[in-house]
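Subject: A structure for you to look at

Hi,

Here is the structure I promised to pass on to you. Please open it and keep it beside this email while you read.

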Amino acid sequence: MIEARHLRVLRAVSATGSFSAAARELGCTQPAVSQQMKALEASTGTPLLIRTGREMRLTQAGEALVRHATGILAGLTAAEEEIAAIAGLRAGRVRLVSFPSGSSTLVPGALAALRAAHPGTRVSLVEAEPPRSVEMLREGDCDVALAFRYEGRREAPQGRGGGASAGEEWDDLVVRPLLADRLVGLVPEGHRLAGADAVTIGEFADEPWIAGCPRCRRQLVEVCEGAGFVPRIDFATDDYPAVIGLVGAGLGVAVLPELAIESVRPRGARTVTVEPAVRREIVALTLPDLAQVPAVAATLDHLARAATR
């Protein structure tokens, strides 16, 4: 019989490429990983790993088992949580991953309301930008992923397997729409456009730019190219407060999501409306099996309520 703990170890070995790295990730010893792999190979009756020097490769059987492991482990988690709720334990565990501006705006209110309504539910939070957050969900490393994508743009998954068509990014997931987050311009207080009611992106053609995360940076370049120019990006940072600080110091202009500006006081900078509007779609994602888990469903509900406030 294949045990869930053995599948978790096999997946860690596959992801890291060695017993020692898998042991570090799982918080156990290398001999323990080796013993569990031997037990799993004994259960399946076939080799799952090939050792070549310092590297570890999966056999065909090992690849097949890893491919099924995420769905199996997600199904087991769903079963355990649902049974606990039915048994009246009133307990649950939710692993949430969010991008930074979502963590500072949507998540706090949602989790406070969730704790008040369901004090027995425990929620952990880590931060990751999409598409990494979506990969974590598919790999079984979280239960709910707060993610975004820009309107009119659908990207193929960027996991190890690749190869999926562009229209399938979230087709295998439960998608809970939360809000449309508009991009706004950010200029220094003394800038010539600081008092404008609205500006077109083309009016920034000759400006130095401060760009955000890689996905936002790619979107910025596409929008500017659509307006007939290539932005001169002098600075790039994943940290929104750093973007705002650089703009406030007069070092360039930027476009940021409204959620990002909500979470930071833009000292020395002014926001301006950019036309035509560019928005990103903010959603909460989970796996179909996990959507049936009461604690996960409650988390989705509270995230949706927080987005309407």
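Below is what was found in it, starting with the whole protein and then going into a few places.

First, how to read the values. This is a predicted model, in which local features need pLDDT of at least 70 and side-chain atom pairs count only at pLDDT 80 or more, while totals for chains, interfaces and linings use all residues. Residues are numbered from 1 along each chain as its sequence is written, and side-chain values use heavy atoms, leaving out hydrogens and water.

**The whole protein**

The protein has ten helices and twelve strands. Both are DSSP runs numbered from the N terminus: helices are H or I with at least four residues, strands are E with at least two. The C-alpha trace spans about 70 × 50 × 35 Å along its principal axes. Of the 309 residues, 45% are buried. Buried means under 20% relative accessible area, exposed means over 50%, and partly exposed lies in between (1.4 Å probe, protein chains only). Among contacts (heavy atoms within 4.5 Å) between residues at least 6 apart in sequence, 70% join residues at least 24 apart.

Helix 1 covers residues 4-16, and its 13 residues reach 19 Å from first C-alpha to last, close to the 18 Å expected at 1.5 Å a residue. That expected span is 1.5 Å times one less than the number of residues. Just after helix 1, Gly17 takes a positive phi of about 90 degrees.

The buried residues of helix 1 include Leu7, Leu10 and Arg11. Why does Arg11 count as buried? Its relative accessibility is 18%, and the cut-off for buried is under 20%. Leaving aside residues up to four places away in sequence, Arg11 touches Thr70, Leu73, Glu139, Gly140 and Asp141. A polar atom of the Arg11 side chain lies 2.4 Å from the backbone oxygen of Glu139.

**Strands 6 and 10**

Strand 6 (residues 174-188) and strand 10 run antiparallel and are joined by four bridges; two strands pair if DSSP finds at least two bridges between them. Leu186 stands opposite Ala254 in strand 10. Strand 10 (residues 254-257) is covered on both faces, with Ala254 and Leu256 buried on one side and Val255 and Pro257 buried on the other.

**Aromatic rings**

A pair of aromatic rings is described by the distance of the centres and the angle of the planes. Rings of Phe, Tyr and Trp (its six-membered ring) pair if their centres lie within 6.5 Å; planes under 30 degrees apart are stacked, over 60 edge-to-face and the rest tilted. How many aromatic pairs does this rule give? The count is three.

One of them joins Phe99 and Phe148, edge-to-face at 5.1 Å centre to centre with 80 degrees between the planes. Phe99 is in the loop between strand 3 and helix 5, while Phe148 is in strand 5, 49 residues apart. Both Phe99 and Phe148 are buried. The pair of Phe204 and Trp209 is edge-to-face too, because the centres are 5.7 Å apart and the planes are at 85 degrees.

Phe99, Phe148 and Tyr150 form one aromatic cluster. Phe148 also has charges over its ring: Arg280 at 4.4 Å from the centre and Arg215 at 5.7 Å. A charge sits over a ring if NZ of Lys or CZ of Arg is within 6 Å of the ring centre and within 35 degrees of the ring normal.

Happy exploring!

Methods:
A polar contact is a pair of N or O atoms within 3.5 Å; within protein, one must be able to donate a hydrogen and the other to accept it, and residues adjacent in sequence count only if both atoms are side-chain atoms.
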